[in-house]
Amino acid sequence: MQPQIVLLKEGTDTSQGKPQLVSNINACQMIVDAVRTTLGPRGMDKLIVNAQGKATISNDGATIMKLLEIIHPAAKTLVDIAKSQDAEVGDGTTSVVLLAGEFLKQVKPFVEEGVHPRIIIKAIRKALQLCMDKINEMAVHIEKQSKEEQRSLLEKCAATAMSSKLIHQQKDFFAHIVVDAVLSLDELLPLNMIGIKKVTGGSLEESQLVSGVAFKKTFSYAGFEMAPKSYEPCKIALLNIELELKAERDNAEVRVDNVREYQKIVDAEWQILYNKLAKIVDSGANVVLSKLAIGDVATQYFADRDIFCAGRVPEEDLKRTMKACGGAVMTTANDIKAEVLGLCETFKEVQVGGERFNLFQGCPNAKTSTLILRGGAEQFLEETERSLHDAIMIVRRTIKHDSVVAGGGAIEMELSRLLRDYSRTIAGKEQLLIAAIAKGLEIIPRQLCDNAGFDATNILNKLRQKHSQGGQWYGVDITKEDISDNFEQCVWEPSIIKINALTAAAEAACMVLSVDETIKSPKAGEAPMAGGMGRGMGRPM
């Protein structure tokens, strides 16, 4: 009798071979079905409620994937590519998941028939290479033209990115704002210099772009009403100091034997505070921002001297003000001199909806801008912020890589035609595989049609015919329920989106295909204890 060999810990779950591969592909299909309907201008939104009961309404692929808390190990690769697409380009997160899922779906029959995964992977890589060459050859480079032309191009790309979001009715209005915001930055286009602040109430059209730093009026004490609300020019002291009297520690003990001595202690405390305040006033600052609290005494003291102050300013706002207006954040009142103050041309406090905002404009150092969004419900504003983030990323990418392709499924159809034609020129298994990938690329236009309620088969047939006749920019036209030349229709996307999406999708598909065994260790506490020793300490036998 051969003894049974135990290699892995009891309770370890192993599965391998073809069934494992097929089940991984099926898991990826489930994820694709979760985000499939969000693609395109007629896409639906998902409402996701987390464990705490917070509801999020979104149709941004990456946001949905992050919130879904997927635990299947193979399906997690799709979440990762959506995140990487979001980080790298900002848009096309739904497309990248759809493409990866569809590639897997198209090659699944071959896996079941026993084609070796390595052959499939080689075919996917070959197809990807052909697609990359074709995109780079087709992409229309926008030469450095006049400011107006470059601007209109950027606005078209921003509008295309927003056409599939909740705010598509206002896409022209927002495209204008987004392009302004990005063009107001310096060459490096740092994202964190565009602040987005949300104020509920009002209509979307009331959103505004402030060239400079803006943040919500912070908590203030009595006395701030007397402070002036606007300065030109403005000198800003940025502090990390508490300007208020501290309550004594509970266990502190001070022994005094007469009232005069007690008075001295109190006076000394006040004197420390007044010395700090006097030093700040002497530096010539007329706006004081502090990360820590500014008490009522200090508020009144500043107000009497025509100085505006705000305490408990959030750190990111303080940092943006520092970058934009210069100066430094001081942690002690002793070193405050004119050199460490930030400067800007105008400061004013304005009412936006129910909130007051402090605006710093005309900042000399860094270029920065702040979007103040207005709108109804909170979820709606959050989704607007996500949509604008996508659009801002797109505009940044278009400025850096100034080549565009037509959207609306046009480029996918053209690549599909290319691969199909190529597959007819080669022999062997690769022919079938590359044809399958060509079919997989059609998922984007097909899904655009399905989401809009069109007859997908009919429209795809028209598109195939057009592309085989050389109409390389023809894609789905959502408004006319037909096909049209999307390049003329100004449905433009930066070619980098497509390159990134196809590369990531192909890599994810290859990764899932190359896994043929999953070994899952038991979670702590799940495996049965050896020898039935499950008793707690001290329990009677």
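Leaving aside neighbours within four places in sequence, Gln300 is in contact with Ala222, Gly223 and Met226, where contact means heavy atoms within 4.5 Å. Gln300 belongs to helix 9 (residues 296-304); helices (H or I, at least four residues) and strands (E, at least two) are DSSP runs, numbered from the N terminus. Although Gln300 and Ala222 are 78 residues apart in sequence, their C-alpha atoms are 7.1 Å apart in space. Gln300 counts as partly exposed because its relative accessible area is 28%, given that buried means under 20%, exposed over 50% and partly exposed in between (1.4 Å probe, protein chains only).

The model is predicted, so local features need pLDDT of at least 70 and side-chain atom pairs count only at pLDDT 80 or more, while totals for chains, interfaces and linings use all residues. Residues are numbered from 1 along each chain as its sequence is written, and side-chain values use heavy atoms, with hydrogens and water left out.

Turning to the sheets, strands of a sheet pair through backbone hydrogen bonds, either parallel or antiparallel. Here two strands are taken to pair if DSSP finds at least two bridges between them. Strand 7 joins strand 15 (residues 355-361) in the antiparallel sense over 5 bridges, and Lys216 has Phe357 of strand 15 as its bridge partner.

Another open sheet holds 3 strands in the order 5-16-6, and its pairing is mixed. Strand 5 (194-200) and strand 6 (208-210) form the edges, each pairing on one side only. On average, neighbouring strands of this sheet are turned by 20° against each other, direction ignored; axes are lines fitted to C-alpha atoms, for helices over the stretch in contact, and angles run from 0 to 180 degrees between N-to-C directions. Strand 5 and strand 16 (residues 369-375) pair in the parallel sense over 7 bridges, and the bridge partner of Lys197 in strand 16 is Ile372. Helix 11 (residues 378-400) packs on this sheet, where it touches strand 5 and strand 16, and its direction makes about 160° with that of strand 5.

Finally, Leu8 lies in the segment before strand 1 (13-16). Leu8 counts as partly exposed because its relative accessibility is 41%.
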